[in-house]
Amino acid sequence: MEKKIVLTGIARSKGKAAGEAMVNRQRIGWAFNHVGNEDGMVMAPGADMKGKIVTGKIFVYPTTAGSTSGAFSLYYKCKVSHHGPAGLICQEVHFIDINGAIAGEIPAVDKLDQDPITTIKTGDWVEIDAPEVGEKATVTITRKG
Amino acid sequence: MKAKMKLTTYQQEMLDGKHGEAKQFCMDKLLDFGKAVEATEMVDLVLTLNCCPIYVKDRLEPKRLAKLNEYDLGHSPLYDPIFAMKDAHVHDESGTECGNDPYMCQLDKAGEIKGQPNGKPWNFELPGKGSFRLDEEMVAGFKAGYDKLMEHGWLPWLSCNPYFNTRIPKMGEYAASSESSAACYINTILGARTNREAAINTVYCAYTGCLPKYGTHLDEYRAAKVIIELTDEVRDNIKGMADWGALGAAIAEKAGNRIMAVLNLPKKMGPGATKNLISCASPGMNDPMLHLMGYTPESPTLEAAFKGKMPKNPERYTVTMDDVVEMYHHLNAIEPAPGPEKAKPVDIVFFGCPHATWDEVREVARLVKGKKVKKGVHLWVQTDTPTYFMAQHYGDTKTIEDAGGHIFHQTCIAMSPIRHYPKGTVIATDSFKYVKLGGGFGPKWIYGNPEALVNAAITGVFTPTARWDYWSKPREKCLASEKERPLYQGEKPMVD
């Protein structure tokens with residue numbers, strides 16, 4: 001049985017994206033030392049997703065951690081090396097990650113009506129529709145039963 | 001106009017293109033960000049601190065791209081459109097000074113990296129483990145990026161600490177520092193206002209001199225949320241740069257990513273101490289602000305630290321010596337936690353992340369004077385340009401070099417691709433920031449005080465100072481003699 005959950009939140013960076021969810025319960029940033037620029041691999045010590053590749057995924061995490069270079073490293077992964085995630089869902093998208101997501105042209109959403117960390121499971125299919133910054137965004141979660 | 005942002009006449013003119021293509025391009029980007037963070041006006045900046053790019057032609061050529069993916073932090077392509085504009089110049093005419101963090105290598109020694117690995121950052125050989133050498137094309141790209149920035153009016157800081165000696169913002173002024181430790185120092189000790197600036201913004205705001213007002217520019221994002229009190233034992237027994245880093249980390253952990261007011265600090269913390277305490281900010285907490293009571297100029301009282309919104313019973317935590325010891329154990333990536341019986345071989349000992357202050361350089365020189373760094377082990381001290389030449393002038397450099405160590409400016413180990421160092425490299429440092437930054441990469445890390453680190457460089461083996469045995473035990477079992485026991489002087493590690 002397929003189960004669908006629809007959440008609404010606020011867009012911090014606009015765009016549409018769809019992909020498999022990766023849920024990381026720890027704070028994590030996008031700097032080259034947390035997620036490799038050359039391969040999209042999570043390296044942050046203690047991260048649930050350590051060793052996994054973020055490329056093309058919808059990455060779900062509480063908020064950022066670490067270096068301000070997360071902004072341009074996220075942009076680089078999305079636009080230059082093409083190892084970036086497809087979209088971001090946070091409890092709160094930090095300013096640093098907003099900066100990176102806008103430049104990387106991927107949607108970033110927060111303030112959802114349910115906690116994304118507990119509602120979304122790794123492996124769920126997630127679609128983000130975030131038409132305008134600062135406005136309502138929709139997150140549709142599809143789980144195979 | 002794209003955002004509901006109130007602009008000054010000049011800012012509007014920049015947006016309208018009256019002051020050139022580069023300013024218009026950058027204003028446009030800043031307004032996009034301003035809209036996302038709901039800013040209603042811009043602040044006027046006195047300082048912008050970012051990171052020098054690698055400037056190469058055709059960065060998407062597959063072989064070059066593969067190298068860039070290793071070396072580029074991700075910022076370099078952002079400069080390409082600006083470098084292609086004829087009129088681009090930073091906004092220094094109004095007093096916005098712009099500079100950069102340390103980067104890949106020391107530029108005036110860039111010629112030396114063409115030879116064999118010679119133990120100089122960041123070309124080195126580790127006996128039995130292999131060698132590392134910087135890619136020459138990438139070094140040339142860094143030099144080209146640096147030259148281009150100089151043309152554009154950026155200043156040659158290449159330092160994480162321009163706030164010490166080069167551009168010192170004063171209370172109430174605004175800055176844009178992507179260097180987290182600098183941001184935290186500027187807010188906490190100088191009383192000027194900066195975010196840990198998202199590092200794409202810092203490219204654009206250099207050319208406009210302004211930035212949307214948001215985050216730590218505003219009182220509500222600067223207010224303390226929790227009180228941390230040090231025990232008298234902590235206040236009286238923090239000694240050495242790593243202690244300050246571990247204390248900062250312990251404070252940050254207690255506060256759980258919230259801004260804290262810290263009580264019962266020692267009366268005299270020098271520049272190295274405050275720098276190391278505060279550099280917990282990037283790895284330990286997201287907001288670059290601590291209210292260090294007795295130091296932070298905007299917080300003469302707790303009420304002021306809470307920005308007039310102190311609850312009746314604010315959350316309050318105590319930091320004890322046990323917390324500091326625990327942090328030492330946590331920071332030593334090599335398990336089990338070190339004690340004299342767990343002595344560990346080291347390959348590289350380095351000081352200066354963030355860049356070493358002169359008091360730190362002098363301490364390394366004092367500790368290493370008349371001794372010799374063990375063959376095959378590297379001792380590196382990295383500092384800013386003013387301190388580098390001070391150390392040369394006053395003889396500290398000679399002392400360190402006579403012992404077989406090296407001192408550098410303009411560069412930082414963190415900016416070389418550490419992920420590609422030889423397998424099994426062991427790096428010992430007194431930098432909390434770097435153990436955390438580098439924690440995801442291959443090398444193993446040892447965290448210790450300068451005394452133990454210099455001893456490790458000389459013997460090739462790290463042993464912590466005995467005082468951690470003392471502080472690790474319940475106090476009634478502590479022996480006063482453990483505070484005094486000398487460091488292990490042997491040649492071979494007692495365990496592997």
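Hi everyone, let me start with a strand pair: in chain A, β2 (residues 15–23) and β6 (residues 125–130) run antiparallel and are joined by six bridges. Across that pair, A:E20 stands opposite A:W125 in β6(A). When I say helix or strand, I mean DSSP runs numbered from the N terminus, H or I of at least four residues for helices and E of at least two for strands; two strands pair if DSSP finds at least two bridges between them.

A word on the source: this is a predicted model, where local features need pLDDT of at least 70 and side-chain atom pairs count only at pLDDT 80 or more, while totals for chains, interfaces and linings use all residues. Residues are numbered from 1 along each chain as its sequence is written, and chains are lettered from A and ligands numbered from 1 in the order in which they are written.

Back to those strands. They belong to a closed barrel of seven strands in chain A, in the order β1-β5-β4-β3-β2-β6-β7, with mixed pairing. From one strand to the next, the twist averages 35 degrees.

How many of the residues of α2(A) are buried? The count is 10 of 10, where buried means 20 or more other C-beta atoms within 10 Å of the residue's own, with C-beta atoms placed from the backbone. Among them are A:F95, A:I98 and A:I102. The cover includes β1, α1, β4 and β5 of chain A together with α2 and α8 of chain B.

Finally, chain B, which has 20 helices and 17 strands. Of its 496 residues, 56% count as buried. Its C-alpha atoms fill a box of roughly 70 × 65 × 40 Å along the principal axes. Among its contacts between residues at least 6 apart in sequence, 76% join residues at least 24 apart. Thanks, and happy to chat!

Conventions. A residue is buried if 20 or more other C-beta atoms lie within 10 Å of its own, exposed if 12 or fewer, and partly exposed in between; C-beta atoms are placed from the backbone. Two residues are in contact if their C-beta atoms, placed from the backbone, lie within 7 Å. Axes are lines fitted to C-alpha atoms, for helices over the stretch in contact, and angles run from 0 to 180 degrees between N-to-C directions.
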